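Visitor: I am new to reading protein models, and I would like to be guided through this one step by step. Could you show it to me before I start asking?

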Amino acid sequence: MHVRGLICSALLIRLAVCAAGQTQEPAQPAQGGMGGGIASAGVFAPVYDEHRRPITAGGFVDKGPVVFEDATKAAGLSGWRHEMGTPQKKYILETDGSGVGLIDYDNDGWLDIYLVNGSTYDALSGKRTPPHAALFHNNHDGTFTDVAKMAGVTNDRWGFGVAIGDFDNDGWPDIFVANFGKNRLYHNNHDGTFTDVAEEARVTLGNWSKGATWGDYDGDGRLDLFVSGYLHYDLNNQPSAEDGAASTAHCQMRGVPVMCGPRGLPGEPDHLFHNNGNGTFTDVSEHAGVSDSDRFYGFTAIFVDVNNDGKVDLLVANDSERNYLYINKGDGTFDDQSYISGFAFNYDGREIASMGLAVGDYLNNGRVDVLDTDFSDDYKALYRNDGNATFTDVSREAGFAQIAVPFVGWGDGLIDYDNDGWLDMMMINGHVYPQVDEHDWGTTYAERPLLFHNNHHGKFEYVPPVKGSGLAIVVPGRGAAFGDLFNNGKIDVVINPVDGPPVLLKNVNQDHHHWVELKLAGGPKSPRDAIGTTVYLTANGMRQRQDVMSGGSYISSNDQRPHFGLGDATDAGTAEIHWPSGHIEKVKLPAVDRIFTITEGQGITGVLCAPQPCS
């Protein structure tokens, strides 16, 4: 058990931003109401770069490694636009943005992009056409075409999260969309179109669902669905800083009126839906012990095996309340080990405004760790997995805590951007209050991403944003998904900012390292898309771990193909695959720089040579 409560928030006060060109004064102790009802560590002095720009939209350098380039326009994505409420962001419903789902919906071997859209009050009242979600088909030539209308997945509701999973084991990925209002479950028709079956499946709910994750929690070979609830929200009684409907303390930032919440507002429970195998689901939240009786404000959720017992556990990031870690007991129920695991709170014993969750083995020790992004005036938490489902917040000793303090973090990923075999760290950022641009707080509404390189010894090194590169984009970021969009073995990023076009950050890092990716297909006793599978790759003198997951980042869904960097090694090594059925299979990979299809019990059943089919 990790005891954090006696370690006061004053530890964070001593942080100083060490990146080039940044300075930071000590924080003042946390004060009620300073964060608009959002948990943070205190009030920090403004942070600027050498040109007196807020560091969240500055700190650019003239030279350095260019890791990403902005390929949005070249890829044909810039014509679509996310909308959510009004630019003023008077109410909390308008602020949180939407997710991104990476999905090969037509099974052609190339990732397509699903972008969830929000809505507007005029659209809800029928005064205007609702903004549409986008499904960008991958044209295999670096460009994408929006086919959402033809595919029948425009949603046309106030959308938030997305989770990709093949819930009926027919070999074709389906799409769950979490909405304010009724949710959608788009069943893949195998012909480029989808049908919304949420009503028949009984997963619509009806108030404010935020995130979702698919996983086979009971080992029956079928994907079950967990949906996180955020607020129980009434459109006819939306609290604002002006109307007095909520506590004034929950509607201010540094004494300035802002939108209210979430603290002080009623929460919405979480739901676990058991897959009945006939196209319907049963809500088993109470029986399974994951109903969220405290009604915390749920954001991102992920099914993943954290204690290496072969059963998927459940992580839930809660906004401004303690996080949940539910350990799978193997009998259809979960044990809430949030407190004793060390995952409920950060190092200082405080709840944080958790938004995004990135899961990965950054130490290459066979255990999954968790990166948790949160609000500004707070550090982002990196939870090291110490084994036996216990975690330690090691953000400070990992060397990145100080730099991230001024940023509001949303989407995040533990990704090997340079294919050296070690997972690096990326955060997508953007403020929730447009009012910050009117004050000298050293922060901005639109913010740039953060990237940290894994130095192989438990520490990360800040990668400065080179002018004109992808790390220098400044947008109000929200959802983000990470994956190999061009089948070239490099991990790219798709960002869904609030109120704007998407951003495609193409990985153009100059390394010449080798890599392998695995497209997994489960057997009769596993989910067909292999969600819940753990893969260990022994190669290049190390043993890496990757998991097949649905959900993550910030209410998004990443590339589900395990990706392994190999450095300079030319031997692809051996994959040890722990299938959800319990079957363990070892497969020798015959070559590097390939995407191998592996079917449970059959070994390699297909191969793609980047980025073309093999001869």
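Guide: What follows is a series of questions and answers about this structure.

Visitor: What kind of model is this, and how are its residues numbered?

Guide: This is a predicted model, in which local features need pLDDT of at least 70 and side-chain atom pairs count only at pLDDT 80 or more, while totals for chains, interfaces and linings use all residues. Side-chain values use heavy atoms, with hydrogens and water left out, and residues are numbered along each chain, as its sequence is written, from 1.

Visitor: How many helices and strands does the protein have?

Guide: Helices (H or I, at least four residues) and strands (E, at least two) are taken as DSSP runs and numbered from the N terminus. The C-alpha trace that carries them spans about 65 × 50 × 50 Å along its principal axes. Counted in this way, the secondary structure comes to nine helices and 41 strands.

Visitor: What share of the residues is buried?

Guide: A residue is called buried under 20% relative accessible area, exposed over 50%, and partly exposed in between, using a 1.4 Å probe and protein chains only. The protein has 615 residues, and the buried part of them is 66%.

Visitor: What percentage of the contacts with a separation of 6 or more joins residues 24 or more positions apart?

Guide: A contact here means heavy atoms within 4.5 Å. Among contacts in the protein with a separation of 6 or more, residues 24 or more positions apart account for 62%.

Visitor: Which residues have the most contacts inside the largest nonpolar core?

Guide: A nonpolar core is a set of buried Ala, Val, Leu, Ile, Met, Phe, Trp, Tyr and Cys residues joined through side-chain atoms within 4.5 Å. In soluble globular proteins, nonpolar side chains tend to be buried together. The largest such core has 37 residues, and those with the most contacts inside it are Leu-185 and Trp-214.

Visitor: Which residue of strand S9 is the bridge partner of Val-162?

Guide: Strand S8 (residues 158-165) is mostly covered, since eight of its eight residues are buried. Two strands pair if DSSP finds at least two bridges between them, and S8 pairs with strand S9 (residues 174-180) in the antiparallel sense over six bridges. In S9, the partner of Val-162 is Val-177.

Visitor: Is Thr-154 buried or exposed?

Guide: Thr-154 sits in the loop between helix H4 (148-151) and S8. Not counting residues up to four places away in sequence, Thr-154 touches several residues, including Pro-131, His-132 and Tyr-186. Because its relative accessibility is 14%, Thr-154 counts as buried.

Visitor: Which residues lie on the two faces of strand S13?

Guide: In a regular strand the side chains alternate between the two faces of the sheet. Strand S13 (residues 224-229) has six of its six residues buried, and both of its faces are covered, with Asp-224, Phe-226 and Ser-228 on one side and, on the other, Leu-225, Val-227 and Gly-229.

Visitor: Which residue of S16 is the bridge partner of Phe-226?

Guide: S13 is joined to strand S12 (residues 209-215) by six antiparallel bridges, and three bridges join S13 to S16, again running antiparallel. In S16, the partner of Phe-226 is Leu-272.

Visitor: Which residues does a cis peptide bond join, and what is omega there?

Guide: Most residues other than glycine have a negative phi, and most peptide bonds are trans. Pro-262 is found in the loop between strand S15 (256-257) and strand S16 (271-275). The cis bond joins Gly-261 and Pro-262, where omega is about 5°.

Visitor: What is the relative accessible area of Ser-320, and what is that of His-190?

Guide: Phi is positive in both residues, near 75° in His-190 and near 65° in Ser-320. His-190 lies in the loop between strands S10 (184-188) and S11 (194-196), whereas Ser-320 lies in the loop between strands S19 (313-318) and S20 (324-328). Ser-320 is buried, with a relative accessible area of 0%, while His-190 is partly exposed, at 37%.
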